[in-house]
Amino acid sequence: RDFCLSRGLGDVYKRQVQANDADWQSWAGLANAQAQSGQLDVALEAYMRSLEINVYNALAHLGIGNILFKMKNDVLAEKHLSKAVELDPAMTEAYIYLAAIKVRTQDFKGAALILNRGLILDPAHEIGNMMKSELSQLD
């Protein structure tokens, strides 16, 4: 069901992008739909196009960081996720991914610090709380 919904939204955003190539929001929407349907390479290109038009698009930085994290490109992922937080400090998901990068590099104290900043914004964040629980067992 979600795949069909993403695909349908992808078609809508594709038409919007064709109608107006300079619409950064449509590029970001298209990228999000593509990412949700597992088309990470084309989603990355669409997010990058969105950023070419609007470098202050925090959601595009988050999307790129998310995809690069999944591709295990932690250095670039961290750069984009940090930029997302800089542009929108209330972006909880960016903190979660940044903490996950720290965990992957065995920097558990750094992960806990970043994770706590995200959980201040959204104390009920399910994945964040699972990570916090796991990290507390490492102390």
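**Exercise 1. Locate Asn-57 in this predicted model, decide whether Asn-57 is buried or exposed, and find the side chain that joins Asn-57 in a polar contact.**

Solution. 
- Step 1: Start with the place in the chain. Asn-57 sits in the loop between helix 3 and helix 4.
- Step 2: Check the accessibility. The relative accessibility of Asn-57 is 3%, and buried means under 20%, so Asn-57 counts as buried.
- Step 3: Look for the polar partner. The side chains of Asn-57 and Ser-50 are joined by a polar contact of 2.8 Å.
- Step 4: List the surroundings. Not counting residues up to four places away in sequence, Asn-57 touches Trp-24, Ala-28, Ser-50, Leu-51 and Leu-87.

**Exercise 2. Now take the view from the other end of that contact: which element holds Ser-50, and which residues is Ser-50 in contact with, beyond its neighbours within four places in sequence?**

Solution. 
- Step 1: Ser-50 belongs to helix 3.
- Step 2: With a relative accessible area of 0%, Ser-50 is buried.
- Step 3: Setting aside neighbours within four places in sequence, the contacts of Ser-50 are Trp-24, Trp-27, Ala-28, Asn-57 and Ala-60.

**Exercise 3. Describe the fold of the protein by its secondary structure, then say what percentage of the residues is buried.**

Solution. 
- Step 1: Count the elements. There are eight helices and zero strands.
- Step 2: Read the elements from the N terminus on, and the order is α-α-α-α-α-α-α-α.
- Step 3: Turn to burial. Of the 139 residues in the protein, 42% are buried.
- Step 4: Residues 24 or more positions apart account for 44% of them.

**Exercise 4. In the largest nonpolar core, which residues touch the most other members, and which helix gives the most residues?**

Solution. 
- Step 1: The core has 35 residues, and Leu-62, Leu-81, Ala-94 and Leu-115 touch the most other members.
- Step 2: Two or more residues come from each of helix 2, helix 3 (40-53), helix 4, helix 5 (74-87), helix 6 (92-104), helix 7 (108-121) and helix 8 (126-136).
- Step 3: Helix 6 contributes the most to this core, namely eight residues.
- Step 4: Zoom in on Leu-62. Apart from neighbours within four places in sequence, Leu-62 is in contact with Leu-81, Ala-84, Met-91, Glu-93, Ala-94 and Tyr-97.

**Exercise 5. Follow helix 4 through Ile-64 and Phe-69, and work out what each residue touches.**

Solution. 
- Step 1: Ile-64 is placed in helix 4, and Phe-69 lies in helix 4 too.
- Step 2: Ile-64 has a relative accessible area of 1% and is buried. For Phe-69 the value is 16%, which also makes it buried, the limit being under 20%.
- Step 3: Beyond four places in sequence, Ile-64 is in contact with Leu-44, Tyr-47, Met-48, Leu-51 and His-80. On the same terms, Phe-69 touches Asp-74, Ala-77, Tyr-97, Ala-100, Ile-101 and Arg-104.
- Step 4: Ile-64 and Ala-31 are 33 residues apart in sequence and 9.3 Å apart in space. Phe-69 and Leu-81 are twelve residues apart in sequence, with 9.5 Å between them in space.

**Exercise 6. What is the volume of the largest pocket, and which residues lie nearest its centre?**

Solution. 
- Step 1: The volume of the largest pocket is about 210 Å³.
- Step 2: The lining has 13 residues, with Asn-32, Ala-35, Tyr-47, Leu-59 and Gly-63 nearest the centre.
- Step 3: Helix 2 (24-36) and helix 4 (58-70) each supply at least two lining residues.
- Step 4: Sorted by class, the lining has six nonpolar, six polar and one charged residues.

**Exercise 7. Where are Lys-72 and Gln-106, and what is phi in each?**

Solution. 
- Step 1: Recall the background. Most residues other than glycine have a negative phi.
- Step 2: Lys-72, in the loop between helix 4 and helix 5, has a positive phi near 65 degrees.
- Step 3: Gln-106, in the loop between helix 6 and helix 7, has a positive phi near 70 degrees.
- Step 4: Check accessibility, where exposed means over 50%. Lys-72 is at 62%, so Lys-72 counts as exposed, and Gln-106, at 56%, is exposed.

Technical notes
Residues are numbered from 1 along each chain as its sequence is written. This is a predicted model: local features need pLDDT of at least 70, side-chain atom pairs count only at pLDDT 80 or more; totals for chains, interfaces and linings use all residues. Side-chain values use heavy atoms; hydrogens and water are left out. On a 1 Å grid over the protein atoms alone, a cavity is a set of points where a 1.4 Å probe fits but cannot get out, and a pocket is an open set with protein on both sides within 12 Å along at least five of seven lines; lining residues have an atom within 4 Å of a point. Grid points are joined across faces, edges and corners, and a volume is the space filled by probe spheres set on the points. Helices (H or I, at least four residues) and strands (E, at least two) are DSSP runs, numbered from the N terminus. Ala, Val, Leu, Ile, Met, Phe, Trp, Tyr, Cys and Pro count as nonpolar, Asp, Glu, Lys and Arg as charged, and the others, Gly among them, as polar. A nonpolar core is a set of buried Ala, Val, Leu, Ile, Met, Phe, Trp, Tyr and Cys residues joined through side-chain atoms within 4.5 Å. Buried means under 20% relative accessible area, exposed over 50%, partly exposed in between (1.4 Å probe, protein chains only). Contact means heavy atoms within 4.5 Å. A polar contact is a pair of N or O atoms within 3.5 Å; within protein, one must be able to donate a hydrogen and the other to accept it, and residues adjacent in sequence count only if both atoms are side-chain atoms.
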